[in-house]
Amino acid sequence: MGKKIYIKTFGCQMNEYDSNRIFHLVKKIGFEKTEDQENADCFVLNTCHIRDKAKEKVYHEIGRVKKIYKQKLKPIVIVAGCVAQAENEEMFKREPFIDIVIGPQSYHKINDLLNNYVSKKHREETEFDTVSKFNFFDKIENNSNKVSAFLTIQEGCNKFCNFCVVPFTRGPEYSRSFHKILSEAETLIKNGAKEITFLGQNVNAYSFIENSKEYRLSDLINQLEKCSEIRRIRYTTSHPRDMTEDLIDCYKNNKKLMPFVHLPIQSGSNRILKMMNRKHTVEEYILTYEKLKKINPSIEFSSDFIVSYPGENERDFNETLDLVKKIKFINSYSFIFSP
Ligand code: SF4
C-alpha cells in the first residue's frame with residue numbers, strides 16, 4: 001500500500017496551486033493524496049504569512065497534529081510556504097515535532113528531502129531558487145483536472161509596501177517563460193479546464209523577454225482567448241501601477257476575459273498610500289477605473305483595505321469611505337493593521 005500524504009493549505013490561490021504541484025511531485029515517489037488527516041505518513045502545512053499572527057497559527061496547528069498522533073506513529077511533518085521561508089530553522093528550536101521546513105521557492109526539492117528523511121534529523125530548504133523551481137516543474141505535467149484551473153505565471157514582488165512580507169518570503173519578481181505557460185495551459189485544457197486564472201503576487205507585472213520581444217500578461221490573455229475550449233479567463237492579484245494600456249485594451253478585445261478586476265488600493269488617502277510605499281495615488285487608481293468603465297460599464301471592482309494604518313487619522317479614513325462610495329466595490333478584503 002502506498003504512503004499517504006495530507007496537505008493543509010492556508011492563504012491564497014497561489015498556495016493552492018503549489019499544494020497541487022507538491023501532490024503531483026510526491027506521487028513519483030509513491031505517496032498518495034489523502035483527505036484523512038488522522039492517518040497520514042506525511043503531514044504538510046502549506047502556510048501563509050500575510051495575515052495577523054500567521055506564525056502563531058502554524059504552531060497552534062502543529063500542536064493539534066501532535067495531539068492527533070499522540071498514540072500513533074508520528075508522520076513526517078513538513079512546514080512549507082511563506083511562514084517556513086520567514087522563520088526557517090528557528091521553527092525546529094520552537095517545535096521539534098517539525099521535521100522539514102521548506103520555502104515556497106524550494107518545494108521542488110521535496111522528493112529529495114523525503115527520500116533522504118532520517119528520523120529526528122531536521123532539514124531546512126529556504127533558498128530563493130525560483131528559476132530552478134520553474135525549470136524543474138516545466139518538465140512535469142500539471143495533472144489538475146479541474147474545470148476551473150489556476151496557472152502561476154509570475155512570483156515575487158519588487159514593490160516593498162511597508163506592511164507586506166511577500167518580497168521577503170517569495171523573493172524578487174520572476175516571470176515564467178511565455179511558451180512554457182502556454183504549454184501548461186494546453187495540458188490543463190486537455191484535462192478539461194474551461195476557465196483559467198493566471199496567478200501571480202503581481203500578476204500584471206508579468207514580463208518575459210525572449211529574442212528581444214517582451215511578452216506581457218495581455219499577450220497571455222490574447223493567446224488564451226483563441227483557444228476554443230476556454231470559456232473564461234481571469235487573473236489575480238494585480239497592482240494599480242501595472243494596469244498598463246495593453247492590459248486595459250484586453251477588456252475591449254477579449255470576450256472571455258471576465259468583467260471583474262481585483263485591484264487592491266489599501267487606502268483612499270494619498271498620505272497613507274505614501275506612508276505604505278504603495279507607489280501610486282488615488283487619482284491614478286480612479287483613472288484606471290474610469291478607463292475600464294468606459295470600455296465596459298459592467299466591469300466590477302474589488303479591493304483590499306487596511307484600516308488603522310499607523311498615522312491614519314479621521315480625514316484619511318473618510319477619504320477611504322469616499323472612495324468606497326465612488327467605486328462601489330462589489331467585494332473587499334478589509335483588515336485592521338497588524339504589525
Ligand atoms: S505590491 Fe502586493 S505583494 Fe508586493 S509588497 Fe505590496 S502588498 Fe506585498
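Trainee: In this predicted model, at what angle do the axes of helix H9 and H10 cross?

Mentor: Helix H9 covers residues 217-225, and its axis comes within 8 Å of the axis of H10. Angles under 35 degrees count as roughly parallel. H9 is therefore roughly parallel to H10, and the axes cross at roughly 25°.

Trainee: Which residues of H10 make the contact with H9?

Mentor: The residues of this contact divide into 4 nonpolar, 2 polar and 1 charged. On the side of H9 they are Leu217, Ser218, Ile221 and Asn222. On the side of H10 they are Asp246, Leu247 and Cys250.

Trainee: H10 also packs with helix H12. How far apart are their axes?

Mentor: H10 spans residues 245-253 and H12 spans residues 282-295. Their angle is about 25°, so the two are roughly parallel to each other. The crossing is right-handed. The axes are 9 Å apart.

Trainee: How many charged residues does the contact of H10 with H12 have?

Mentor: Glu245, Ile248, Tyr251 and Lys252 in H10 meet Thr288, Lys291, Leu292 and Ile295 in H12. By class, 4 of the residues in this contact are nonpolar and 1 is polar. The number of charged residues is 3.

Trainee: Are H12 and helix H13 roughly parallel or roughly antiparallel?

Mentor: H13 covers residues 314-327, and its axis comes within 12 Å of that of H12. The axes cross at roughly 5°, and angles under 35 degrees count as roughly parallel. H12 is therefore, relative to H13, roughly parallel.

Trainee: Which residues of H13 make the contact with H12?

Mentor: From H12 come Val282, Tyr285, Ile286, Tyr289 and Glu290. The contact divides into 6 nonpolar, no polar and 2 charged residues. From H13 come Leu323, Lys326 and Ile327.

Trainee: What is the class of the ring pair of Tyr107 and Phe137?

Mentor: A search of the whole structure finds 11 aromatic pairs. In the pair of Tyr107 and Phe137, the ring centres are 5.2 Å apart and the planes stand at 45°. Planes under 30 degrees apart count as stacked and those over 60 as edge-to-face.

Trainee: How many residues apart are Tyr107 and Phe137?

Mentor: Tyr107 lies in the loop between strand S5 (100-102) and helix H5 (110-115). Phe137 lies in helix H6 (residues 130-138). The pair links distant parts of the chain, and its residues are 30 residues apart.

Trainee: How many nonpolar residues does the shell around the ligand have?

Mentor: The ligand is surrounded by Cys157, Lys159, Phe160, Cys161, Phe163, Cys164, Val166, Pro167, Asn202, His239 and Arg278. By class, 2 residues of this shell are polar and 2 are charged. The nonpolar residues number 7.

Trainee: Is the peptide bond from Thr236 to Thr237 cis or trans?

Mentor: Thr237 lies in the loop between strand S13 (232-236) and H10. The bond from Thr236 to Thr237 has omega near 0°. The bond is cis.

Trainee: What is phi of Gln266 near?

Mentor: Gln266 lies in the loop between strand S14 (260-262) and helix H11 (270-276). Its phi is positive, in a residue other than glycine. The value is near 75°.

Methods. Residues numbered from 1 in each chain as written. Predicted model: local features only at pLDDT ≥ 70, side-chain atom pairs only at ≥ 80, totals over all residues. Heavy atoms only, no water. Axes fitted to C-alpha atoms, helices over the stretch in contact; angles between N-to-C directions. Helix = DSSP H or I, 4+ residues; strand = E, 2+ residues; numbered from the N terminus. Parallel < 35°, antiparallel > 145°, perpendicular 65-115°, else oblique. Left-handed = near helix turned anticlockwise from the far one by under 90°. Contact = heavy atoms within 4.5 Å. Nonpolar A, V, L, I, M, F, W, Y, C, P; charged D, E, K, R; others polar. Near = heavy atom within 4 Å. Phe/Tyr/Trp six-rings, centres within 6.5 Å; stacked < 30°, edge-to-face > 60°.
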